[in-house]
Structures are given as C-alpha cells and as structure tokens.
Amino acid sequence: SGEFVDSYTFHGVPGQRVTIDVTSDEFDTYLVVDPPAGEPLQDDDGGGTTGHSRLSLDLTEAGTYTVLVTSYRPGE
C-alpha cells in the first residue's frame, strides 16, 4: 500500500518477555509483530507520540517471530 518496511526476525520461547521499541524524528512509526501462529499484533503510537511505537509481549509459543517496522502513511 505504499509504505516502506524493514523486517526483522527472532526466535522466541514461552515465558520470554520481549519489548520492541521504535522511534523516528522523520516519520510516523508503525510496528507489527507476527507470531509463529495467530493474529499479528500492531502498534501505532504506544510510546505516546506519532514517532514512537512500542509493544511489550509475554511470549506464549516457541518459534520465529517477525517484526515489521513501517510508517503509518504511504511514502514516509
């Protein structure tokens, strides 16, 4: 839909606590975490401002998680 995106992966295990935090002075950040199964988790302004997104997760399953860092609007 026109947004740029950077993709990262990590291997998680049940009981692990993970915090993903992204900030930018250049664009309105948007964060998506795609677990091994189930619905993706999304955050637009969890840090309280348009240039800050954060998700804190208590992992419930083992496997590869994909983190997508993008912008709220196309072309940013």
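R17 is exposed, with a relative accessible area of 52%, where exposed denotes over 50%, buried under 20% and partly exposed the range in between, computed with a 1.4 Å probe on protein chains only. The structure is a predicted model, in which local features need pLDDT of at least 70 and side-chain atom pairs count only at pLDDT 80 or more, whereas totals for chains, interfaces and linings use all residues. Residues are numbered from 1 along each chain as its sequence is written, and side-chain values use heavy atoms, with hydrogens and water left out.

R17 forms a salt bridge with D58, the closest N and O atoms being 3.0 Å apart; a salt bridge is taken as a side-chain nitrogen of Lys or Arg within 4 Å of a carboxyl oxygen of Asp or Glu. This pair links distant parts of the chain, since R17 belongs to strand 2 (residues 17–23) and D58 to strand 5 (residues 52–58), 41 residues apart. D58 likewise counts as exposed, at 52% relative accessibility. Under this rule the count comes to two salt bridges, and D21 forms one with R54, with 3.4 Å between the closest N and O atoms. Here too distant parts of the chain are linked, with D21 in strand 2 and R54 in strand 5, 33 residues apart. D21 is partly exposed at 41% relative accessibility, and R54 is partly exposed with a relative accessible area of 34%.

An open sheet is formed by four strands in the order 1-6-3-4, with antiparallel pairing; strands are DSSP runs of E with at least two residues, numbered from the N terminus, and two of them pair if DSSP finds at least two bridges between them. Strand 1 (5–12) and strand 4 (41–43) stand at the edges with a single partner strand each, so one side of each is left without a neighbour in the sheet. The twist averages 15 degrees from one strand to the next, the angles running from 0 to 180 degrees between the N-to-C directions of axes fitted to C-alpha atoms. Within this sheet, strand 3 (residues 29–34) is joined to the antiparallel strand 6 (residues 63–71) by six bridges, and V33 stands opposite V67 in strand 6.

Strand 6 also holds T70, which is buried, with a relative accessible area of 13%. A polar atom of the T70 side chain lies 2.5 Å from the backbone oxygen of F4. Beyond its neighbours within four places in sequence, T70 is in contact (heavy atoms within 4.5 Å) with E3, F4, V5, F27, D28, T29 and Y30.

How values were computed
A polar contact is a pair of N or O atoms within 3.5 Å; within protein, one must be able to donate a hydrogen and the other to accept it, and residues adjacent in sequence count only if both atoms are side-chain atoms.
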